[in-house]
Amino acid sequence: MANIDNAAVPNGLVEGCVLAKKQWTEKLFSLEVAASIDEYVAGQFTKLGLLNSEGEWVRRAYSMVNHPKHLYGQNYLEFLIIADDNGQLSPKLNDLEVGDKLFVGKQPSGFMTLEEIPDYAKELWMLSTGTAIGPFLSILDDPSIAERFDNIVLVHAVRTESELVYSESIESAKTALGDKFHFVSIVSREVHATGLQGRIPELLLNGEIQNMTGVTLSVPDSFVYICGNPAMVKDTSAALGELGLTKHLRRKPGNFASENYW
Ligand SMILES: Cc1cc2nc3c(=O)[nH]c(=O)nc-3n(C[C@H](O)[C@H](O)[C@H](O)COP(=O)(O)OP(=O)(O)OC[C@H]3O[C@@H](n4cnc5c(N)ncnc54)[C@H](O)[C@@H]3O)c2cc1C
Ligand SMILES: NC(=O)c1ccc[n+]([C@@H]2O[C@H](COP(=O)([O-])OP(=O)(O)OC[C@H]3O[C@@H](n4cnc5c(N)ncnc54)[C@H](OP(=O)(O)O)[C@@H]3O)[C@@H](O)[C@H]2O)c1
């Protein structure tokens, strides 16, 4: 990466500093970053940016894992990131160390938030692959969900058990939400004793996820957020369609909405 000349920082980016880094696997890591960005709500994302060796800015979207009203305040941001060997930015983010500088989008965005969920929904389902569990952990920490929903289901599908991250946050959610909270882990490329094996769409269609949680998918009570791998989002949307749910649009309320990570 080229040296960062502050004068050349594009509009919309502010300087941030890496405060902590947790390496979950060789490729999967969390960065805690201090940066003075505008207010965000649980479920949103911002940009992280660095200069490449040609002196060009490379910016990509990353979701905040922590709730904006967490202990250290909303300018203390946590991101869960996987380094893609062929990618421009994510391997460079994996090279960052505590104290390093990076740039952060000042204006967070995204519609995968609690505000967008229609009032008729009584059961919240959050289906994620890989790092897309991040925005759902932020939502899980929102104090309003215990009152608002009868059941809250979090599904995290990964390739290997080593990628089942943030177990402490999931345990905290179990404590805070009690019987309302249901967590299902899915591993696709290893035998997995404590959760399910396979992929989300098939495990919804054959009812294994619903059996494990004891919660059914029904219209109009269920609202499903799907986030992560675009092929998973597409196949899961089709599966939910087969189960009788419809895509949610602001102009035509339904039962599921999604965010693609690439
Ligand atoms: C709303 C949103 C939120 C996100 N949140 C997160 C998050 O919290 N955590 C996270 O890890 N990721 C997140 N992402 C994904 C993230 O923004 C990046 O896309 C990801 O980190 C890869 O960036 P990169 O620069 O390393 O890879 P890129 O350089 O963008 O490349 C990505 C892949 O595409 C391939 N590719 C790139 N250009 C081409 C081309 N021209 N032709 C063929 N193949 C190409 C590369 O080989 C590589 O495999 C999010 C994305 C979105 C849209
Ligand atoms: N995880 C790694 O070890 C690793 C290492 C290097 C680079 N990367 C790259 O980083 C990016 C993200 O990787 P990731 O591992 O977080 O996410 P991922 O490749 O999207 O895998 C996460 C989970 O999504 C599943 N999945 C894939 N396609 C699906 C579909 N159509 N329907 C339902 N489920 C589907 C995968 O199952 P399957 O296992 O059956 O595909 C896996 O269980 C990818 O570009 C990947 O190539 C990942």
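1. How far is an oxygen atom of ligand 2 from an N or O atom in the side chain of Asn 229? The separation is 2.6 Å for Ser 188, and for Asn 229 it is 2.7 Å. Asp 84 has a side-chain N or O atom 3.2 Å from a ligand 2 oxygen. The protein covers 80% of the 860 Å² of accessible area that ligand 2 has on its own (Shrake-Rupley method, 1.4 Å probe).

2. A note on the basis. This is a predicted model, where local features need pLDDT of at least 70, side-chain atom pairs count only at pLDDT 80 or more, and totals for chains, interfaces and linings use all residues. Residues are numbered from 1 along each chain as its sequence is written, chains are lettered from A and ligands numbered from 1 in the order written, and side-chain values use heavy atoms, without hydrogens or water.

3. Ligand 2 has 18 residues around it (a heavy atom within 4 Å). Arg 159, Glu 163, Ser 188, Arg 189 and Asn 229 come nearest.

4. By class, this shell has 8 nonpolar, 4 polar and 6 charged residues. Asp, Glu, Lys and Arg count as charged; Ala, Val, Leu, Ile, Met, Phe, Trp, Tyr, Cys and Pro as nonpolar; the others, Gly among them, as polar.

5. Which elements give two or more residues to the shell around ligand 2? They are β8 (151-158) and α7 (230-242). α7 gives the most, with 3 residues. Helices (H or I, at least four residues) and strands (E, at least two) are DSSP runs, numbered from the N terminus.

6. Domain 1 (6-105) and domain 2 (114-260) each supply at least three residues to the shell around ligand 2. The bounds come from an automatic or database domain assignment.

Key: Polar contact = N/O pair within 3.5 Å; in protein donor to acceptor, adjacent residues only side chain to side chain.
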